[in-house]
Amino acid sequence: MAYDRYVAICKPLHYGTLLGSRACVHMAAAAWGSGFLFAVLHTANTFSLPLCQGNAVDQFFCEIPQILKLACSDANLREVGVLVVSACLAVGCFVSIVLSYGQIFRAVLRIPSEQGQHKAFSTCLPHLTVVSLFISTSMFAYLKPPFISSTSLDLAMAVLYSVVPQAMNPLIYSMRNREIKDVLRKLITGCF
């Protein structure tokens, strides 16, 4: 999405050549391939962990931190290594998104008309909102200190980063539609 917005705003005349069907297939294949690799890496590592405290997880979601609580302490180092590799990949994606949007904002601020700037920003802000929501909730879920951990807080965090961004995605993207905005405004003002 960030690359799509970058090409649409910074190089609009080259959009058809830079983002043809071949480029879209390559980007989709890279996303699916890296997601599959990430899943296989975590799954293989998780199933090879020796569990010292049984196999009952205290949550509805079977999250990696919950499984690590059940594992023997010497096995945690292996999963921490996998998490470090995953974090490096996530940081790489985050940096590329930030750099893309830096270029986009620089190009948008050069647009002379305020209406043109508003239109360009309105195409980028939904994606930035969804990405920010996902990254902030998942960072809080995975980077919070262990002493803050409680079963109910862990469950709330798991729901927050796995359900909320995906549920908000259609709402955030549809907010560009004037009819949806009007219905939502009537709904909110009618309730209060």
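Among contacts between residues at least 6 apart in sequence, what percentage join residues at least 24 apart? In this predicted model, the value for the protein is 57%.

**Whole chain**

The secondary structure consists of nine helices and zero strands, and the order of elements from the N terminus is α-α-α-α-α-α-α-α-α. The protein exposes about 13,000 Å², of which carbon and sulfur atoms supply 70%. Of the 192 residues in the protein, 26% are buried.

**Helix H2 and Tyr15**

Select residues 15–18, which form helix H2, and centre the view on Tyr15 within this helix. Tyr15 is partly exposed, because its relative accessibility is 32%, a value between the 20% limit for buried residues and the 50% limit for exposed ones. Display the side chains around Tyr15: leaving aside residues up to four places away in sequence, Tyr15 touches Asp4, Val7, Ala8 and Gly20. Tyr15 and Arg5 are ten residues apart along the chain, and their C-alpha atoms are separated by 9.9 Å.

**Helix H3**

Proceed to residues 21–47, helix H3. This helix has 27 residues and reaches 38 Å from its first C-alpha to its last, close to the 39 Å expected at 1.5 Å a residue. Colour H3 by accessibility; the buried residues of this helix are His42, Asn45 and Thr46.

**The cysteines Cys24 and Cys93**

Select Cys24 and then Cys93. Cys24 is partly exposed, given a relative accessible area of 40%. Cys93 is likewise assigned as partly exposed, with a relative accessible area of 47%. How many disulfides does a search of the whole structure find? The search returns zero.

Select residues 76–109, helix H5, and locate Ser100 in it. Is Ser100 buried or partly exposed? Ser100 counts as buried because its relative accessibility is 16%, and the cut-off for buried is under 20%. Show the contacts of Ser100 beyond residues up to four places away in sequence: Ala2 and Tyr6 are the residues touched.

An α-helix has 3.6 residues a turn, so residues three or four places apart point the same way. Val95 is partly exposed, with a relative accessible area of 40%.

**Helix H7 and Ala156**

For the last stop, select residues 151–162, helix H7, and centre on Ala156. Which accessibility class applies to Ala156? Ala156 counts as partly exposed because its relative accessibility is 38%.

How values were computed. Residues numbered from 1 in each chain as written. Predicted model: local features only at pLDDT ≥ 70, side-chain atom pairs only at ≥ 80, totals over all residues. Heavy atoms only, no water. Helix = DSSP H or I, 4+ residues; strand = E, 2+ residues; numbered from the N terminus. Buried < 20%, exposed > 50% of the residue type's maximum accessible area, 1.4 Å probe, protein only. Contact = heavy atoms within 4.5 Å. Areas by Shrake-Rupley, 256 points an atom, 1.4 Å probe, with all protein chains shown as cover. Disulfide = S-S within 2.5 Å. Expected span 1.5 Å × (residues − 1).
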